[in-house]
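The following note accompanies the structure shown below. Its points are numbered and may be read in order with the structure in view.

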Amino acid sequence: MIPQRRSAFVHKLFMPYLAYRLRKAFNVLKHDEVEIMPGHSILLLCNHFSWWDGFWAGQLTHTYLHRDFYIMMQEDHIKKRMFFNLLGGFSINRESKEVVRSLQYAANLLSDPKNLVTVFPQGALLSNHSDEINIERGIDYIVKKIDGNCQIIYYSAFIDYFESLKPSVYFHFLNCGTNHDFDCEKVRALINAHHKKALKAQVNAAH
Amino acid sequence: MIRNKKNFFIHSLLSIYTRWLLKRTFHQFSFNQLDVDPNKSILLISNHFSFWDALIAYKINRKLLRKKFHVMVREDTTLHLHSLKYGGAFSVSKKSRDMVESLNYAAELLHDPKNLVLMFPQGKLHSNFVEQINFEKGIMRIIERSGGNFQLVFAATFIQYFRSKKPSITTYLKNEEYHGQSLEELQSAYQQHYDIAKREQTEIVI
């Protein structure tokens, strides 16, 4: 397992560059409001359909959720891009025995209320049109091992163009409660219902 | 109403620019093959979710359908983008009597087997995530006045990202036999094609 080596200095240099890249590639990033509990770390779950997902999560963390950003990445991916290691990336390898260590590592990070860990619960790249979000069992493990207060937030991101030449990204947030009242099955149902609702809402998105 | 204009020079420039723009903006562009009848004009019906739709259809026409490209666009966009008329755009305005003129003009274009007319029957921009495609009435007027010698082609376009930084386009094309269907029947035929395409897009896992 590759642990994170987050550097505040690298992060500070990278954020303006990320903002520039996002501005160049997208028209707007639009998100709705979600209740952010003070004194809680955040476990951020999102749908995974593009190369950009991690960057959007990083940007939203920086501008809206205001926590220190960490992200769980596939081991073979992070090995090729060790730079992300400096921005808070740590590895998970689903095939190896070390998977438990990675999950425990995420839980340890979440025990500190100033942290945020991004996880793609689907564990694979899926279509943006997909209407089902699969939550892997690892999430359950992470949340159970957290020592302290943690809020679980999910968002569905969708790409739409409308009048602009550049695509816009629409984030639909969902507050999934805290680690104390966490029930994996219930959250799975909640997220899927929210995702379906978000897909419907996207059709009527203001533009 | 603004009609399309012929100008070899400007058209060539627009064509080169469009090719460059599409290449630069998108990672991949795929569409399925289709039989084209050389003795018939083509009425291309597509979903409308962005400015790119017309350019996507333009490229499909250049690569596959090989007709003279025409597209019906809203008057407010044509006023801003006056050069588009050299690329085959003619205007339609929703409110005035102009609309009838535009629809008649589109029908006229379909008389010539060398032409292709692209139409967005949804009438305005919608999300790429819509489930229900609603047709406006105008399309029936075009079909009724066109003399029936046209090939009806359905196109459903979707955007995906996956591993690339740039989006990819997939267009699903389908020939539809026209034998006097009503607006509702046409709409449900398109809906069927759209649903199949959307399902295929939904099930992609990488």
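This is a predicted model: local features need pLDDT of at least 70, side-chain atom pairs count only at pLDDT 80 or more; totals for chains, interfaces and linings use all residues.

1. The overall dimensions of chain A may be considered next. The C-alpha trace spans about 45 × 40 × 35 Å along its principal axes.

2. Of its 207 residues, 40% count as buried. If one takes the contacts between residues at least 6 apart in sequence, 73% of them join residues at least 24 apart.

3. Helix α2 of chain A, residues 53–65, deserves a separate look. A straight helix of 13 residues would span 18 Å at 1.5 Å a residue, but the end C-alpha atoms of this helix are only 16 Å apart. Which residues of α2(A) are buried? They are A:G54, A:W56, A:A57, A:G58, A:L60 and A:T61. Just beyond α2(A), A:H66 adopts a positive phi of about 50°.

4. A:G177 belongs to strand β7 of chain A, which covers residues 168–178. Why does A:G177 count as partly exposed? The reason is its number of C-beta neighbours inside 10 Å: there are 16, whereas a buried residue needs 20 or more and an exposed one has 12 or fewer. Apart from neighbours within four places in sequence, A:G177 is in contact with A:I152 and A:F182. Between A:G177 and A:D53 there are 124 residues of separation in sequence and, from C-alpha to C-alpha, 22 Å in space.

5. The last point concerns the two chains together. In chain B, 25 residues are in contact with 24 residues of chain A. On the side of chain B that touches chain A, β6 (150–160) and α6 (183–202) of chain B each supply at least two residues. By class, that side of chain B has 14 nonpolar, seven polar and four charged residues.

How values were computed:
Residues are numbered from 1 along each chain as its sequence is written. Chains are lettered from A and ligands numbered from 1 in the order in which they are written. Two residues are in contact if their C-beta atoms, placed from the backbone, lie within 7 Å. Helices (H or I, at least four residues) and strands (E, at least two) are DSSP runs, numbered from the N terminus. Ala, Val, Leu, Ile, Met, Phe, Trp, Tyr, Cys and Pro count as nonpolar, Asp, Glu, Lys and Arg as charged, and the others, Gly among them, as polar. The expected span of a helix is 1.5 Å times one less than its number of residues.
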